Amino acid sequence: MPVESHQSRPWPAPLADRVAGDASAEQIAGAIVAIWQEMDQSLNPIIGHRGVAALFNRSLHLSAAAYPWLTIGHQGATTAIDPSALQAVLARQDAAEAARGGIALFQQFRELLASLVGAPLTDRLLRSVWARSAGASPVQDTTS
Amino acid sequence: MTSKATINRLATGVPGLDEVLGGGLPEFSFNLIAGTPGSGKTTLSHQIMFALATAERPAIYFTVLGEPPLKMLRYQQQFDYFDAEAINQRVRFVSLSEDTMTGDLDRVLKRIVDEVTAHSPGLVFVDSFRSVVFASENGSNGKTSLQLFVQQLGMLMTSWQATTFLVGEYFNETDANPVFTVADGLIWLRQSVQRNSMVRKMEIMKMRGQSSLPGLHTFRIDKAGVRVFAPARVVSASGAGPHLPGARALMGVPALDEMLGGGLPRGYSLLVAGPSGSGKSILASAFLAEGVRCGETGVLAAFEQHPNRARNPVLVDLIARGQVGLIDSREPDLSIDEIVLLILTEVRRLKATRVVLDSLSGFELSLAPTFQTDFRESLLRLVTALASAGVTLLMTSELEDRYTDLRFSPYGAAFLTDAIIVQRYIEVESRLLRVIAVVKVRASDHSSDLRLYSIGEDGIRIGEMLPEQEGLLGGRPTRKPRPAPPARDVEAEGH
């Protein structure tokens, strides 16, 4: 099963299922951090705190190109990220910008992980996060 | 009623490994997979895990510091056995790197125990262990603590109803390491590097409760994962000999069959030795073609020094029609067991009765240097394995013409074979002629004629003897002197 460097399958929208359309920046920030913590929980046992932290810092750095306000982590750090710092910076944006930034960050993270272990395995590892978010529309098993 | 415990043996899913282990992996055994970096420990572990893990018998794979788990997942998924769907289902990965980095081995042990208690896996892998040595040496615990840790882990692993594996860049094998005593199985992976070649070898140093096959077994790692080449004798013993039509195999050259005393006895190995261009490969093709004519199939193992040289058209046709199987391995660094396995697999597939190995010189060159040094031994194993499979074998051997001595092969291989045919060039009346002779056919009458032969469109034609010439084997025969008048002889002796 070769590693796919890029995948074209759509990113399940965990955010849309968790917050209402008129949610405030505060609420969106809370949802993004919650999703992030779930992803952290799913990946931690497998690749370790430092592994997840390194990936997340890299994703922040890459996302900061489009969303300069996301410059909170520092690349190369392998220490765990402070979720409250992320929450604070998200809450300072307006709601739409915070949502776009958060989605971009997850997209970046997923692409980074997929470039390392392939899209099917990435989806496999993060499936529990989508399953929790998706509610009525369960994630399709597209890996087989 | 028997009170003995029944030990289930698990099929590892690694080709050849079960044979080498002596019939699979005992369930609930505690095994060490040891070796140097790059020797294939992690690959072997993953392959076994994906083959054995089921919903009822899930696996936990603990990664210690050794290989970052992300990289491991990245590279392991290149192998065919990797199944991403299995992850977090029948296969769980657990990273212990953070616990290990603290140097607190008790904490590592506790993490392992907690996970095992929580998930009751049927298979447990801990990869890899050398890193724990480093971590603890850097810490204040010292080496005793590590030994104690490994021993404790070993004892714990034994008590779980799980088949467990400790994977590690292991300390020296001569090290009197306590974990070696605790372990039920000890699988050692090695890489033997000689000149520009590398051969992977596996040794089952220990496997409790069953007789594993001693010695070093070669293996290869490719896209499908690890493939172990069990010794030739084991591989061949497991197959029944093919049905043999007639006691003798005809050679496709009727006059030569007469010289052999009615063809080559079935199951014999024949060495055809001769200089370059003497028609050894043509004779070999005739041998295979005759088999096909009699309704048999054959296998050609070609180790040619000139791979692009056009092959005999008759043979090309037989190969295309599937009546002769072709083994044309271009793999570097072949081991004798791998070649035997290749040939026997093809023999079984085609139910072949005839095998041609063309030529020994090419065969020797395609072996990894480490096997070339004891080529005679390798050859003996090959001949024995094929003989026990019941096939009739023809091998060609390139022999430089030396007119001062009579030799049959540059390897001293003559004693290994049951029959020998030798071909030579001779000079007669300013022409280069070829002669052929049957030197030996074990336990059978055969002709001692030295016969002229020629090679034409229709193959080899055996001709006459040259009774009025002598010294043929010296390459420059002379016409025998006419018998001299007896009177002169007496007179000469008188002087």
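Reader: How many salt bridges does a search of the whole structure find over all chains?

Author: Side chains of opposite charge can pair when their charged atoms come close. A salt bridge is counted when a side-chain nitrogen of Lys or Arg lies within 4 Å of a carboxyl oxygen of Asp or Glu. Over all chains, the search finds 26 salt bridges. This is a predicted model, in which local features need pLDDT of at least 70 and side-chain atom pairs count only at pLDDT 80 or more, while totals for chains, interfaces and linings use all residues. Side-chain values use heavy atoms, without hydrogens and water; residues are numbered from 1 along each chain as its sequence is written, and chains are lettered from A in the order in which they are written.

Reader: Which residue forms a salt bridge with B:Asp114?

Author: The partner is B:Lys110, with the closest N and O atoms 2.9 Å apart. Both residues lie in helix H5 (residues 105-119) of chain B, 4 residues apart, about one turn of the helix. Helices are DSSP runs (H or I, at least four residues), numbered from the N terminus.

Reader: Is B:Arg451 buried or exposed?

Author: Buried means under 20% relative accessible area, exposed over 50%, and partly exposed in between (1.4 Å probe, protein chains only). B:Arg451 has 18% and is therefore buried. Its salt-bridge partner B:Asp449, with closest N and O atoms 3.4 Å away, is partly exposed at 22%.

Methods: Helix = DSSP H or I, 4+ residues; strand = E, 2+ residues; numbered from the N terminus.
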